[in-house]
Amino acid sequence: MEWERYDIEEGRDDRTFEFCSYGPKGLIRKVIRFQHRPELGANVYNLSLGDYEEHTGLIDDSIVSNNGDYTKILKSVAWTVDKFVNSYPRAIILIRGSTASRSRLYQMGIASAWPEIKDRYEIWGRRANKWLSFEKGVNYEEFLVVKKIS
Amino acid sequence: MKNFLSLKKFHKSSRKAKTIIVKSGLFKGMEIYPVRRCTLPINENSPFLVKKMEEAIRCLQECPIPEEILKRAQG
């Protein structure tokens, strides 16, 4: 399925991206950050997606915005992953939703894009405390994404 | 009457749209042409990013990344 995505701006470094979700609830600024700390492991980055709160200046992922555009948001996140691994081809990206339902959304996004990404990425899902190769139709709690090195 | 507003809060994605009807806030109901992007200051020590990092570390402590994947990423 071909999903539309938002136009995305790169932030002040190559690990931050921004876009605006536009729907019935209005404009919501989204921020994606690929976080890295030595404790995570070499080349391991954590993908964080949150809403930018204009009145507090903080990023938050606890708000359910229900802006009716989750497919477009997922496609936008996928685009940033593509862009990020171009800069960091050895990166291992940890993707996890802040709730089980959000993890399921990531799973739906990966499953929908699977035909077009399976040749470019290796994806593992965490299930019953094991990392397993991603398979469509299987539920996972978290995901690891690594670009295939040709 | 269309309004051309230079608003920090609007992003390039909305700038590209021809017009936007603002849904809430001071400019609610106004049809505007957003014209300016603003890049957010990202502070790695912000509560949100600290929380996300702690969650990620906890996740990988509970279920470490297999050597096979780590080696593959290292080439």
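Reader: What does A:Arg126 touch, not counting residues up to four places away in sequence?
Author: In this predicted model, A:Arg126 touches A:Trp131, A:Tyr140, A:Glu141 and A:Glu142, together with B:Cys59, B:Glu62 and B:Cys63. Contact here means heavy atoms within 4.5 Å.

Reader: And what should I know about how the model was handled?
Author: Since the model is predicted, local features need pLDDT of at least 70 and side-chain atom pairs count only at pLDDT 80 or more, while totals for chains, interfaces and linings use all residues. Residues are numbered from 1 along each chain as its sequence is written, chains are lettered from A and ligands numbered from 1 in the order in which they are written, and side-chain values use heavy atoms, with hydrogens and water left out.

Reader: Why is A:Arg126 called buried?
Author: Buried means under 20% relative accessible area, exposed over 50%, and partly exposed in between (1.4 Å probe, protein chains only). A:Arg126 has 5% relative accessibility, so it counts as buried. This residue sits in strand β7 (residues 121-127) of chain A; helices (H or I, at least four residues) and strands (E, at least two) are DSSP runs, numbered from the N terminus.

Reader: How do you know which backbone oxygen lies 3.5 Å from a polar atom of the side chain of A:Arg126?
Author: The backbone oxygen at 3.5 Å belongs to B:Cys59. A polar contact is a pair of N or O atoms within 3.5 Å; within protein, one must be able to donate a hydrogen and the other to accept it, and residues adjacent in sequence count only if both atoms are side-chain atoms. Between chain B and chain A, 9 residue pairs are in polar contact, both residues being at pLDDT 80 or more.

Reader: What makes A:Arg96 and B:Glu55 a salt bridge?
Author: The term asks for a side-chain nitrogen of Lys or Arg within 4 Å of a carboxyl oxygen of Asp or Glu. The closest N and O atoms of A:Arg96 and B:Glu55 are 3.3 Å apart, and the pair forms a salt bridge. The rule finds 4 salt bridges across the interface of chain B and chain A.

Reader: How many residues does the contact take from each chain?
Author: Chain A gives 50 residues and chain B gives 41.

Reader: Why is A:Thr80 called buried?
Author: With 0% relative accessibility, A:Thr80 counts as buried. A:Thr80 lies in helix α1 (residues 70-87) of chain A, and other buried residues of α1(A) include A:Val77, A:Val81 and A:Phe84. A polar atom of the A:Thr80 side chain lies 2.6 Å from the backbone oxygen of A:Val77. Beyond its neighbours within four places in sequence, A:Thr80 is in contact with A:Ile8, A:Phe17, A:Ile32 and A:Phe34.
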